[in-house]
Amino acid sequence: MYSGMPQAHGNLETIFGEREELRKERSVMKNRMARREFLQRSGIGTAAAAFSVGNPLRAADEAAPGSRRLNVVHVIADQHQAACTGYEGHPQAITPNLNRLAASGTRFTRAYTQNPICTPSRTSILSGQYCHNHGYFGLNGPAPPYNLPSFFSHFRAYGYRTAAFGKIHTPDQPRNWLADHCDSLGDCYAYQSKPPYLSEEYARYLAQRGLLEKEDSAALPEFPGAQQHEGRPSLLPYEHSVEGWTVQKAIQFMDSSGNRPFCVQVSLPRPHECYTPDQRFWDMYPDDLSLPATLYNDASHRPPHFQRMVQSLKKMKWLIEPKTFEAGCRRVWHGYLGCITQVDYALGQVMEYLEKTGKADHTVLIYGSDHGAYEGTFGVPEKAPGICSEAVCRVPSIWRVPGITPAGHVCHEFMENIDIAPTIAALCGLPAMETTDGKDLSDLLAGGNQPVREVAVTENPWSKALRWGPWRFVHYPMEMFGSDVGELYDLEKDPLETQNLYHDSAHQDTVHQCRRRLFEWLARTTRFATAWPPPAGKEFSATVEDGKETNKLGVEERLRRGQLNYI
Ligand SMILES: [Ca+2]
């Protein structure tokens, strides 16, 4: 399929192709070790046990001879609908590297984001906290008023080099929340409502190459001031696109780390609009490609704001000829799929780097997204209206952990994006992050089948979406629409969410049970910021050395046992 592609900007065949060593690798991965056995044999567990609260860098310097600390590479896309992947059987999406990563590790079929937009979702991923705890529900905003830890600050405290590149989009006023958490922070965007959209660093990179006027990942330069919801091939080659630049920066950082372990986030800005992939990725899809099968689905059972968005897409003023509804939707869908393949290619570059340098055998590699998207699915644009559907709330989540993940394992248990932070800490043998609400997924990654959570929740300030068993339930306060509006879908019987059962008389007990679970979840998981940070000089209350059992329990457990005096 890729044999005719030009080579000017990278060896696409190598990255997209099957190779003998990878097949061997999959075979080796099947003979996985149990997690604890692996940690013992690698020396990682021993190194973690030696960590000192007073001297957090000691662990990195004193790791047992011959031991190798695991690196972490978190590749995150923006707005990648989980169903738009080859490994889930999507009939159109071309994702050979995602397929290869899934075939070599564990993937989750029920992974959920905490929020349907960038900043709150990313703050949840990095802090491991629910939105109702860290408090962010909108874009950008002031940095946390107290020292909210991120997995970067946690890893850095234990001797890791830490970095994030690409679309950062965390709270950044007056300076980025992560500024002191990372050894390197390379943002491609400036997050402004009008130009310049690009960071000074990336704009300078393009200007030095005479490409600044061609950048079209945030706005189409030929339509200044217009809305950006359009699809066409990019004017930029992949090599200098936001994704190409991000991967370059990440590889430079990993290369410069020497023998020190690193934790790096490779944050790829697409398939978020603009839907402008490199011409070669655009050309992988036919111009007459099929539209999303649900574009014309009946939305009359949906809540009022969903129906408004259906009308909004129908009234969209398209910029490019032909300006008809179907032609515009087809360009968006074409560009969206092309951008997914571009993101897949960027992932392939990271995978190839890790494999060629030998780092793959001691690096945790994760692929995910900050949330999903509609892009014409169910007849609505982009990611609005947020949490109404699996299309936005469910996200891809693939993990390759050397010695832990069985090749091609598929986990059907719930996970949430906040689980990433505590899980990578556990996998790397670091003490737990007391400030996360997430769960350690290590046993699920290794093939275990014990659920870590009963429900998964995606939050907006007013509305909240619950997944429980086969049910998708969305709660809206009465004040929101002036009437009792809600959503209930049986995703096992109705995966395309065609029948809202919220007012169905036969399902009122289910509605009641879902609502009770949602509010019990909210009450149970609400964290108070005054529990963190602890008093000065006691940065970590859980120590291995002090021998006081109760101090090992962590804030949550001590709270549950009534050992904290502020409840
Ligand atoms: Ca986003």
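In what order do the four strands of the open sheet with antiparallel pairing run? I looked this up first. The order is β9-β10-β11-β12.

**Ground rules.** I am reading a predicted model, in which local features need pLDDT of at least 70, side-chain atom pairs count only at pLDDT 80 or more, and totals for chains, interfaces and linings use all residues. Residues are numbered from 1 along each chain as its sequence is written. Helices (H or I, at least four residues) and strands (E, at least two) are DSSP runs, numbered from the N terminus.

**Four-stranded sheet.** I checked its edges next. β9 (455-459) and β12 (486-490) each have a single partner strand, so one side of each lacks a neighbour in the sheet. From one strand to the next the twist averages 15°. I take axes as lines fitted to C-alpha atoms, for helices over the stretch in contact, with angles from 0 to 180 degrees between N-to-C directions. Strands count as paired if DSSP finds at least two bridges between them. β9 and β10 (residues 464-468) pair in the antiparallel sense over five bridges. I found R467 in β10 as the bridge partner of A456.

**Eight-stranded sheet.** I traced this open sheet as β4-β3-β5-β1-β6-β7-β2-β8, with mixed pairing. Its edge strands are β4 (184-187) and β8 (409-416), each pairing on one side only. Neighbouring strands are turned by 15° against each other on average, direction ignored. Seven bridges join β1 (residues 71-78) to β5 (residues 262-271), and the two run parallel. H74 stands opposite Q265 in β5.

**Helix α6.** I followed α6 (residues 96-103) across β2, β6 (363-369) and β7 (397-400); it runs at about 55° to β7. α6 also packs on α14 (residues 325-356) at about 50°, with the axes 7 Å apart. That angle makes α6 oblique to α14; under 35 degrees counts as roughly parallel, over 145 as roughly antiparallel, 65 to 115 as roughly perpendicular, and the rest as oblique. From α6, P96, N97, L98 and L101 meet D344, Y345, L347, G348 and M351 of α14. Contact here requires C-beta atoms, placed from the backbone, within 7 Å. I sorted the residues of this contact into six nonpolar, two polar and one charged. Nonpolar covers Ala, Val, Leu, Ile, Met, Phe, Trp, Tyr, Cys and Pro; charged covers Asp, Glu, Lys and Arg; the others, Gly among them, are polar.

**Helix α11.** Is α11 largely enclosed or left open? I found 10 of its 14 residues buried, so α11 is largely enclosed by the rest of the structure. A residue is buried if 20 or more other C-beta atoms lie within 10 Å of its own, exposed if 12 or fewer, and partly exposed in between, with C-beta atoms placed from the backbone. The buried residues include W245, F253 and M254. They pack against β3 (161-166), β4, α10 (200-208), β5 and α14.

**N115.** I placed N115 in the loop between β2 (106-112) and α7 (118-127). It is buried, with 28 other C-beta atoms within 10 Å. Beyond residues up to four places away in sequence, N115 touches P120, S121, S124, C131, F137, H371, T458 and E459. N115 and G386 are 271 residues apart in sequence, yet 8.2 Å apart in space, C-alpha to C-alpha.

**Whole chain.** I noted 20 helices and 12 strands. Of the 567 residues, 49% count as buried. Among contacts between residues at least 6 apart in sequence, 69% join residues at least 24 apart.

Notes:
Two residues are in contact if their C-beta atoms, placed from the backbone, lie within 7 Å.
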